Every structure is written in structure tokens, then in C-alpha cells.
Amino acid sequence: LFIGNIKTSNIYTGNIGPRRYLVTDQSGKILCYAIGENALMNRKLEKAVGRIAGINGTIMSDPGALITTVMVRNLDYLDVSEGELKEIKKKVDIVN
């Protein structure tokens, strides 16, 4: 599970291979790439651009990518501020 800002990738634009989205933390650090597992999930990812969301799915093996890639099965929008997100992440880190 990753929680963060959904952004478009300037590298994996969908011209060659599937479009990938970035999931970033509040500082802009890339947490993972996200690819929808089907056309519906790809549309959900596109609509999530610019929003904070939680994603869940299967971690893919991609030796060419230096960043974890997730085949997204579920996506939930979080209507929280950046400060609230930081507090949520602290709590999750304590549990894990």
C-alpha cells in the first residue's frame, strides 16, 4: 500500500508500453510508479492526478525501473491536507 500525490510520468507517457503514474510523498520524493491493472483503473489513475490517494495492488518485477512499480487493483481518494497526511504516515510507521 502506498499513499501519496498522484502525478503523471514524463518518462513513461504511454507512447511505448503502458502509461505510468508517479506516487510521491509531500516532499515530492517518488514512492513508486503506478499502472492500472485494467482500462477502468487506468481511467481512475488519470482522474486522480493532482490528488492524494492510496493505492493497493501487486508489486511488479521490472529490472529496467529503479523504482518500485505497482499494478494497481484498488485506488481510494484521501481528502486530507498535507499535514494530516504526514500524521497518518507517522501512525502507519508506528504500527509497522
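Me: Which residues have the most contacts inside the largest nonpolar core?
Reply: Ile6, Val23, Ala34, Leu45, Ile55, Val72 and Leu75, in a core of 13 residues. A nonpolar core here is a set of buried Ala, Val, Leu, Ile, Met, Phe, Trp, Tyr and Cys residues joined through side-chain atoms within 4.5 Å. Buried is under 20% relative accessible area, exposed over 50%, partly exposed in between (1.4 Å probe, protein chains only). This is a predicted model: local features need pLDDT of at least 70, side-chain atom pairs count only at pLDDT 80 or more, and totals for chains, interfaces and linings use all residues. Residues are numbered from 1 along each chain as its sequence is written, and side-chain values use heavy atoms, without hydrogens and water.

Me: Which elements give two or more residues to this core?
Reply: Strand 2, strand 3, helix 1, strand 4 (52-60) and strand 5. Helices (H or I, at least four residues) and strands (E, at least two) are DSSP runs, numbered from the N terminus.

Me: Helix 1, then. Which residues are buried there?
Reply: Met41, Leu45 and Ala48, in the helix spanning 39-48. They sit on the same side of helix 1 because they cover an arc of only 60 degrees around the axis, taken from the directions from the helix axis to the C-beta atoms.

Me: And which are exposed on the other side?
Reply: Leu40 and Lys47.

Me: What do the buried ones pack against?
Reply: Strand 1 (2-8), strand 2 (21-24), strand 3 (30-36) and strand 5 (69-77). Contact means heavy atoms within 4.5 Å.

Me: What follows helix 1?
Reply: Gly50, with a positive phi near 90 degrees.
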